[in-house]
Amino acid sequence: MTKKDYESRIRRKEWSKFKRREKGRLLFRNAKSLVNDESLQEDEITRDMKRTAGRAGRLMMADARRNVKTIKLQNNVYARLEQAKAHEQVLRDKRGRLISDEKRKQRREAIKEAKSREQKKKLKKQMAQQRVKEEGGFLRRTRQSRMVKKRAKEYRKMVRKRVLSTIASIGGITLFLIILGMILFLSLLALFVGGSHYYASSVTQNDYGTISEATEYFRKLETDMDECLNADRDALEADIESEYGDEIFEFVYNLADFGFSANTLVAYLSAVYGSFTLEDVKEELEEIFKEMYTLTVEVKVEEREVTHYNPDTGNDERVTEPKNICYITLEKKTLEEVVDGRLPDDLRFQFSGYWLSTGGQQVYSPVMREDWTNLISSNYGERIHPITKERKFHNGVDIAVPTGTRIYSAVKGTVILAQYSSSAGNWVKVQTESGWTVIMMHMDSLAVSAGQEVEQGDFLGYSGNTGNSTGPHLHLEVRDANDKTLNPIFIIPQTCAVRKEAE
């Protein structure tokens, strides 16, 4: 029996069942009308209520039957075979990606071990050529990556659909048994909804670790592209030449700056998902990133002035020739624009509440009088280090404030470190009784010393530009009792506040 014949047989059985139910329902109505004349024995309100309840019951039963039918169709042998094939394809794609990642890692290690610059350049070119040979050019790999993600997404959607159908049908069947309990539950819930409404719409239901991981992952996506476009341009250009040919005369880069508002991102995720894990929102983050950044590679033929040696005159001569010019353009939308287009209208109030409160879990005090909401020059997470140009995890946020900005303690605790470092400059670390620490680096001067007890709002010193720094700023960092770094913007307020001591 083919799948089409099987489904046709199921539909015929369902139609037969439906006809039998209709006959039974008609006989019941006729018998009831003979025994009981509702129009004489009941008033109009009672009769309308009974009719409404009867219609609601029939609708719920019809919905349950519809869900059961869906389960049967989705769990027959043909549907299971289709899902097994899709699962096998997803596993093959994952295995191919892991093998490819491992090969690139080994080749990068070989490049790092190369002693001379020429050897590194040669190995990079060989790596690009080998990658093109194995996986295809830049555009082909991009298309293949999108196709793999699309297959994985379709498979997850298929599995999700089956699970949701099963849950919906069970819920419909059991609805009659729990309807009274649900009415009681909703009545009690109404007593608390007023008080909890504000809390639910302004305080994210996720812990510091989860929201830090979400912003860290989005920062990683930015760094992946930054590394490709800026940190290793030799490999990028070799890759493009392998795709378009090695006769490209000039590469012209027009790249937008990287950066996003972590507060906006978490407010959006909290409004849309409520409580979530990184795995829950990874796909959403990738979709937002694709919508936010658009990379185009275009080769044009343009006139360029070049130098040629003239053997007749024995001199170099400047001539104009048509050349292949490659334009690499990265366009960027603001995260606020992207989020505004994706946010459902019924969730905008919640989004605003989360955004205005910055998650609503900022338990520490501000560290400066200035509002630094729009002064973050480097986000929390992986980045290309501005000095070493190496990929490195950034444990905090950099706040672009001028030298001499007064810095205050965000917590009550003990100064466990206050000294100068060649990399961190003048830096200070304050630890609370619970073991959490707040760290500030690159300060111009310190007003406290190690072992000193401080209160929230006590003056610690002035911001500056000391140590490994490319400009005046404050590096702000928060670590929990297990010395794990967290995104400080969700713990320390970005707005200003009045401090205890007089200026």
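Me: Is the crossing of helix 9 and helix 10 right-handed or left-handed?

Reply: That crossing is right-handed. Bear in mind that this is a predicted model. The contact brings together L265, Y268, L269 and Y273 from helix 9 with D280, V281, E284, L285 and I288 from helix 10.

Me: What kinds of residues make up the contact of helix 9 with helix 10?

Reply: They split into 7 nonpolar, no polar and 2 charged. Asp and Glu count as charged, and D280 and E284 of helix 10 are among the contact residues.

Me: Which residues make the contact of helix 10 and helix 11?

Reply: Helix 10 brings E284, E287, I288, E291 and M292, while helix 11 brings L335, V338 and R342. This time the residues divide into 4 nonpolar, no polar and 4 charged.

Me: What makes helix 10 and helix 11 oblique to each other?

Reply: Again, look at the angle, which is about 120° for helix 10 and helix 11 (residues 335-342), with axes 10 Å apart. The roughly perpendicular range ends at 115 degrees and roughly antiparallel needs over 145, so this pair is oblique. As for handedness, helix 10 passes helix 11 in a right-handed crossing.

Me: How do you know that T485 is buried?

Reply: Its relative accessible area is 10%, and buried means under 20%, so T485 qualifies as buried.

Me: Where is T485, and which residues does T485 touch?

Reply: T485 sits in strand 15 (residues 485-486). Leaving out residues up to four places away in sequence, T485 touches Y380, F393, N395, E477, V478 and R479.

Me: How many helices and strands does the protein chain have, and what share of its residues is buried?

Reply: There are 12 helices and 15 strands. Of the 503 residues, 35% count as buried. The chain exposes about 30300 Å², with carbon and sulfur atoms supplying 54% of that area.

Me: What share of the contacts between residues at least 6 apart in sequence joins residues at least 24 apart?

Reply: That share is 71% in the protein chain.

Methods. Residues are numbered from 1 along each chain as its sequence is written. This is a predicted model: local features need pLDDT of at least 70, side-chain atom pairs count only at pLDDT 80 or more; totals for chains, interfaces and linings use all residues. Side-chain values use heavy atoms; hydrogens and water are left out. Helices (H or I, at least four residues) and strands (E, at least two) are DSSP runs, numbered from the N terminus. Buried means under 20% relative accessible area, exposed over 50%, partly exposed in between (1.4 Å probe, protein chains only). Contact means heavy atoms within 4.5 Å. Accessible areas come from the Shrake-Rupley method with a 1.4 Å probe; for residues, only the protein chains shown count as cover. A crossing is left-handed if the near helix is turned anticlockwise from the far one by less than a right angle, and right-handed if clockwise. Axes are lines fitted to C-alpha atoms, for helices over the stretch in contact, and angles run from 0 to 180 degrees between N-to-C directions. Angles under 35 degrees count as roughly parallel, over 145 as roughly antiparallel, 65 to 115 as roughly perpendicular and the rest as oblique.
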